[in-house]
Structure formats: structure tokens, C-alpha cells
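Please keep the sequence and the three-dimensional view at hand while reading.

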Amino acid sequence: MFRLASQRAVLRGSGSKSLYSSSALVQALQTKFDLPASTKFGDEWGIDGEWEPRLTKIVATIGPTSEQLPVLREVVKSGMRIMRLNFSHATVEEVELRTSNLLLCEGRHSNLGDRKPEANNNLRAVLLDTRGPEIRSGKLQNDDSGHETVSLVAGETITLHTAPLENGSTETDLFIDYSHLHVSLKPGMQVLLDDGAISLTVTKVHADKGQVECVIENSGDLRSRAGVNLPGAETDLPAMSEKDKVDIKYGMTKDIDYVAASFIQNAAGVEEIRKYIQETAQELGWEESAPLPLIISKIESMAALRNFDEILEKSDGIMVARGDLGVELPIQQVTNAQKEMVAACNAVGKPVIVATQCLESMTKNPRPTRAEVADVTNAVYDGADCLMLSGETAKGKYPVEAVRMMSEIIYSAEMYMQSGGYGSLHAQTSASYEAPDDSLGAIAKASVAAAEERGAAAILVLT
């Protein structure tokens with residue numbers, strides 16, 4: 001499902017090529033990207049009519065606007081390689097519908113033509129995205145409808161409680177459903193409410209009462225059960241909630257391929273999930289030789305960044321979850337963190353997914369912004385193995401167009417890299433992937449270089 005990072009290293013260049021002139025760059029752009037209109041372009045066909053599957057794959061979240069078979073068929077045809085099921089929202093009935101329809105979507109990999117038409121299916125991979133352990137605020141006072149809010153005013157004081165409030169939360173007293181909140185926080189630390197919409201600064205910690213006193217940094221309206229982030233705080237939240245365990249077990253009965261582990265903080269959390277998957281496989285009566293779902297660790301907190309090296313070592317892959325990461329981390333640092341993580345994954349040959357708001361505007365509009373196109377393009381240049389669509393395909397107005405557009409952007413970036421144009425106005429960078437210093441590493445690197453030089457369609461590895 002994922003290509004080898006070493007393939008990407010060749011596309012990025014080894015530093016041996018000389019600089020191209022500006023005129024050469026213009027010529028490359030004219031010859032490679034003066035593309036004719038083609039309905040097949042987003043369907044992984046090149047400008048010469050040959051089928052050209054993308055090296056950078058597309059993960060698409062399937063939801064209410066894309067789960068029906070006619071739409072899902074077009075989503076698959078346009079380039080989706082992994083179907084993401086978001087178990088923060090999906091019901092069992094919805095998952096059953098989406099996985100059943102996925103099996104009915106035609107593809108190319110098992111196309112046997114007229115000999116066996118019923119086998120003309122491309123069984124895409126399925127990624128189960130867990131909700132993960134969460135911290136939330138309590139129900140507001142008198143909020144019977146679930147739509148009431150309270151107004152928090154900048155400069156005012158609010159007390160966070162770890163014990164439920166009998167009459168519900170108010171603008172001065174707020175229940176937080178994390179019993180060790182007072183242990184994790186210290187004066188000067190931040191508490192972010194509702195995806196960072198409201199920021200609090202801790203002023204006092206009353207450990208004996210299980211209370212934390214804060215000052216409100218900015219005004220805003222707060223709803224019941226709002227998400228709570230504790231940037232930089234060490235928590236003892238479990239790697240999986242009880243809901244996650246139920247969801248993973250159910251997903252394994254549907255033969256999922258990947259588990260995206262939310263809010264992973266350290267390597268111990270990855271090992272805990274892997275152990276649970278192994279135990280569940282035994283409980284379900286799986287054969288010992290049956291492949292288990294692979295674990296994609298989502299990096300979305302300061303704690304995960306601090307422990308990134310050990311998480312990467314124990315994980316099968318990484319997801320750069322820019323949404324929550326942008327809440328916990330100063331937003332101007334998210335791109336830097338993304339580049340570091342992508343490079344680290346490339347260096348050890350493990351797949352990395354770049355996620356969140358890649359083509360966010362296409363949730364409502366038929367075309368992306370120029371900034372979004374640049375974001376996706378640069379992720380390809382950096383070495384991302386997969387790019388993920390979330391609300392764009394799950395609830396957006398243009399799910400098929402979003403996948404097709406992402407496929408076109410990826411194709412354009414990859415063709416540009418292969419044309420030699422990438423880096424023509426600046427020195428070529430060294431490959432981010434260093435092969436092991438042994439005979440096997442040398443053979444692998446030489447094979448990739450030879451395949452690229454000769455334009456081979458595939459590399460066959462016999463084991």
C-alpha cells in the first residue's frame with residue numbers, strides 16, 4: 001500500500017546533478033505541464049494515455065456524503081487507496097454500509113477482464129481511526145437541550161473541578177472529566193477549551209481539593225462537553241479507552257488493515273495497543289500466520305513530539321495529525337514539526353501520512369485555494385507517503401472532486417520531480433534516506449536507481 005521511502009530518495013536527487021538554467025525550467029514546465037483537458041487525468045492516467053498510479057497515496061475519510069455506492073465508486077476510481085473510518089462518529093450500521101460498498105467498487109489491481117468479471121474488484125485498504133482517550137468539560141447548568149452555552153469573559157477567574165458539580169458547570173466553575181488534572185498542571189501552564197477557542201492560564205493548584213484556579217485569557221462562548229487540551233502537560237491517560245477496545249475488536253471482524261491510534265503519548269501506548277490486537281486475534285480464532293492490523297500512531301500532542309523517536313521505533317507508521325497538533329503546539333511551528341517527522345520516517349523507511357485540512361476549502365467549494373495546492377505539493381516534495389482527506393470527503397459537497405484534485409496535484413508534483421525540474425534553481429539536496437551500510441542496502445539502493453533510470457514499471461522482490 002505504501003511505497004518504499006528509498007524510491008522517494010531517488011526522486012529527490014542525490015546531489016550529483018548540475019544546476020538547471022531558468023530557461024530549462026520554463027521549458028520543462030511547458031513540456032511537462034501544459035496538459036490537455038482529459039476526463040481520465042484524475043483517474044490515474046498520464047498525459048500519454050498510460051496508466052500511472054501515484055507513488056503518494058490518498059487516504060479518504062468516508063462519511064455521509066460519500067458512503068453510497070455510486071459516489072464511493074467514483075471516489076475509488078479517482079484515486080482513493082485507503083478508506084478511513086472515523087470511529088469518533090461512525091455507527092456500526094454506517095461502517096457496515098461503507099465496508100460492504102467498498103468491496104463492490106471496481107479497480108485495476110485484480111482486473112481479470114472478461115475471464116472473471118466478478119473478480120474485477122480492487123480491495124482497498126481500510127484504516128480504523130480510534131476516538132482515543134479524551135478530556136472534556138462537563139454538562140452546563142440547565143442545558144437540557146444540549147445547545148446552551150455560557151459566556152467566559154477575558155480577565156475573569158474560573159475554577160476547574162475534578163469532581164462532578166451537582167448542579168452542572170457555570171461560567172465560574174467548570175467540571176473537567178480527568179481526575180488527575182490537578183496533578184498534571186502547574187501555575188503558568190495553559191488549558192485550552194473547545195479546540196483552543198478559549199485559553200486559560202493556571203494561577204493556583206489546590207491539590208487537596210482536586211481543583212485548579214485559572215484566569216480566562218480571551219472571551220468566548222463555551223458549550224457542554226467541550227474538548228480540553230493541556231499543552232505540555234504529562235497525563236496518565238490510557239492508550240485506549242473502553243470504546244476504543246470495542247471498536248478495534250469490531251474492526252478486526254471486518255478485516256481492517258490499519259489502526260490509527262489517537263493521542264498516543266509514548267512507546268508504551270503503542271505496545272499496549274499491539275498487545276491488545278494480538279490478544280483479540282487469538283480470541284477471534286485467527287490463525288497464527290494471519291497478518292494483524294498495522295498501527296499508525298497519530299502525533300497530535302506535545303508529549304508525543306517529545307517521545308517521537310521511541311513512538312516511531314515501535315509503530316508501523318506515523319500520521320502527522322495537524323489538527324490537534326495545531327492546538328497543542330504554537331500554530332506557526334506545525335509545519336516545522338511536520339517536516340521533521342516526515343524526514344525521520346523517510347530515514348527509517350516507515351510510511352508517514354500527512355493529515356488535516358489538506359483541501360479544506362473543498363468541503364464547500366469545487367476548487368481548492370492556491371495555498372492548499374501548495375501545501376499538498378510541498379508535502380509530496382518532502383516525502384509524504386500518503387495525504388489524507390477528512391471532512392472534504394466525509395461531509396463535503398464535492399467528495400469526488402476533492403479526491404480527483406488531490407490526485408492531480410500529486411501527479412503534477414511527482415512528474416515535476418521526475419522531470420528533473422525540481423531543484424533546478426537551487427542546489428539539489430542530498431537524499432533523506434540513507435541505505436544500510438551493507439551489501440543488501442547497496443543492492444536495494446542500486447535497484448531503485450536502475451528502475452528509475454530505465455523507467456521500470458515495478459521492482460519485483462523475491463523472498
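Both faces of strand 14 are covered, with Gly317, Met319 and Ala321 buried on one side and Ile318 and Val320 buried on the other. The model is a predicted one. Its chain holds 15 helices and 16 strands, and 48% of its 463 residues are buried.

**The barrel**

- Eight strands form a closed barrel in the order 1-2-3-12-13-14-15-16, and their pairing is parallel.
- On average, neighbouring strands of this sheet are turned by 25° against each other, with direction ignored.
- Strand 13, which covers residues 294-299, pairs with strand 14 in the parallel sense over four bridges. Within this pair, Ser297 stands opposite Ile318 of strand 14.
- Strand 14 also pairs in the parallel sense with strand 15 (residues 352-355), again over four bridges. Here Ala321 stands opposite Ala355 of strand 15.
- Strand 15 in turn pairs with strand 16 (residues 386-389) in the parallel sense, over two bridges. In this case Ile353 faces Cys386 of strand 16.

**Strand 14 and Gly317**

- Strand 14 is mostly covered, since five of its five residues are buried.
- Gly317 belongs to this strand, which spans residues 317-321.
- Is Gly317 buried or exposed? Gly317 is buried, because its relative accessible area is 0%, and the cut-off for a buried residue is under 20%.
- Apart from neighbours within four places in sequence, Gly317 is in contact with Ile295, Ile296, Ser297 and Pro351.
- Gly317 and Val352 lie 35 residues apart in sequence, yet their C-alpha atoms are 5.7 Å apart in space.
- For the chain in general, residues 24 or more positions apart account for 70% of the contacts that have a separation of 6 or more.

**Helices on the sheet**

- Helix 11 (residues 334-348) lies across strand 13, strand 14 and strand 15, and it runs at about 160° to strand 15.
- Helix 14 (residues 399-419) packs on the sheet and touches strand 1 (57-61), strand 2 (80-86) and strand 16. The direction of helix 14 makes about 155° with that of strand 16.

**Helix 12 against helix 14**

- Helix 12, made up of residues 370-382, packs against helix 14 at an angle of about 45°, and the two axes are 9 Å apart.
- These two helices are therefore oblique to each other.
- The crossing of helix 12 past helix 14 is right-handed.
- Helix 12 contributes Val373, Val376, Thr377, Val380 and Tyr381, which meet Met406, Ile409, Ile410, Ala413, Glu414, Tyr416 and Met417 of helix 14.
- Sorted by class, this contact between helix 12 and helix 14 has ten nonpolar, one polar and one charged residues.

**Helix 6 against helix 7**

- How are helix 6 (residues 242-253) and helix 7 (residues 267-283) packed? Their angle is about 50°, and their axes are 10 Å apart.
- Helix 6 is therefore oblique to helix 7.
- Helix 6 passes helix 7 in a right-handed crossing.
- On the helix 6 side, the contact is made by Lys245, Val246, Ile248, Lys249 and Met252. On the helix 7 side, it is made by Ile273, Tyr276, Ile277, Thr280, Ala281 and Glu283.
- Seven nonpolar, one polar and three charged residues take part in the contact of helix 6 with helix 7.

**A buried loop residue**

- Thr130 is placed in the loop between strand 3 (125-129) and strand 4.
- Thr130 counts as buried because its relative accessibility is 6%, and the limit is under 20%.
- Leaving out neighbours within four places in sequence, the contacts of Thr130 are Ser88, Asp244, Ile248, Val259, Ala260, Ala261 and Ser262.

**Strand 10, with one covered face**

- Strand 10 (residues 220-223) has a covered face, formed by Gly220 and Leu222, and an uncovered face, formed by Asp221 and Arg223.
- Strand 10 pairs with strand 4 (residues 149-152) in the antiparallel sense over four bridges.
- Val150 stands opposite Leu222 in strand 10.

Notes: Residues are numbered from 1 along each chain as its sequence is written. This is a predicted model: local features need pLDDT of at least 70, side-chain atom pairs count only at pLDDT 80 or more; totals for chains, interfaces and linings use all residues. Side-chain values use heavy atoms; hydrogens and water are left out. Buried means under 20% relative accessible area, exposed over 50%, partly exposed in between (1.4 Å probe, protein chains only). Contact means heavy atoms within 4.5 Å. Two strands pair if DSSP finds at least two bridges between them. Axes are lines fitted to C-alpha atoms, for helices over the stretch in contact, and angles run from 0 to 180 degrees between N-to-C directions. Angles under 35 degrees count as roughly parallel, over 145 as roughly antiparallel, 65 to 115 as roughly perpendicular and the rest as oblique. A crossing is left-handed if the near helix is turned anticlockwise from the far one by less than a right angle, and right-handed if clockwise. Ala, Val, Leu, Ile, Met, Phe, Trp, Tyr, Cys and Pro count as nonpolar, Asp, Glu, Lys and Arg as charged, and the others, Gly among them, as polar.
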